[in-house]
Amino acid sequence: MSFAKLWRFQQRHRAALTDAGLRRWEIGEIASRVGQLYYAFYLRTGEGRYLSESHAFFDAAAKRDYFAECRQTPALAQKRLRHRARHVATCLLLDKLGEAREVVEAWRRDVDEYAADHRPADAAEWRALKSKPARAA
């Protein structure tokens, strides 16, 4: 898979890439894309190993805080919100409820920051999603 090769390449050469101008959120974008590919494979095949791989990439990007600087523009802030939503989905499917709660709380904070910082037209939609109560398992 070419995205996995790209991920390994950036791991080996991260210092040179960041020195050349690659931003942390761009590294996170690579991780998120690889996670999305594995998630798509999971949806097509139903094989749990693909779901686990997807979660591993979403979790790695979250733990390394690759999307921390994504408050600058609405487009970057939306990347952060979508990443968190995908991360929550994999947590729930893998029955990692404690982790899912933590990601949901971070997502809710991100929604508030997004709406306050950018006052986008879609802020009401994100807030509506945010205000829906989380169901306990």
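Modeller: The axes of helix α3 (residues 24–45) and helix α5 (residues 74–93) cross at roughly 40° and come within 11 Å. This is a predicted model, where local features need pLDDT of at least 70 and side-chain atom pairs count only at pLDDT 80 or more. Residues are numbered from 1 along each chain, and hydrogens and water are left out of side-chain values.

Biologist: What makes α3 oblique to α5?

Modeller: Angles under 35 degrees count as roughly parallel, over 145 as roughly antiparallel, 65 to 115 as roughly perpendicular and the rest as oblique. The crossing is at roughly 40°, so α3 is oblique to α5.

Biologist: Which residues of α3 and α5 meet?

Modeller: Contact means heavy atoms within 4.5 Å. Trp25, Glu29, Ser32, Gln36, Tyr39 and Tyr42 in α3 meet Leu76, Lys79, His83, Arg86, Thr90 and Leu93 in α5. By class, this contact has five nonpolar, four polar and three charged residues.

Biologist: What is the reach of α6?

Modeller: Helix α6 (residues 97–118) reaches 31 Å from first C-alpha to last, close to the 32 Å expected.

Biologist: Which residues of α3 are called buried?

Modeller: Buried means under 20% relative accessible area (1.4 Å probe, protein chains only). Among them in α3 are Trp25, Glu29, Ser32 and Tyr42. In α6, the buried residues include Trp107, Arg108 and Asp110.

How values were computed:
Axes fitted to C-alpha atoms, helices over the stretch in contact; angles between N-to-C directions. Helix = DSSP H or I, 4+ residues; strand = E, 2+ residues; numbered from the N terminus. Nonpolar A, V, L, I, M, F, W, Y, C, P; charged D, E, K, R; others polar. Buried < 20%, exposed > 50% of the residue type's maximum accessible area, 1.4 Å probe, protein only. Expected span 1.5 Å × (residues − 1).
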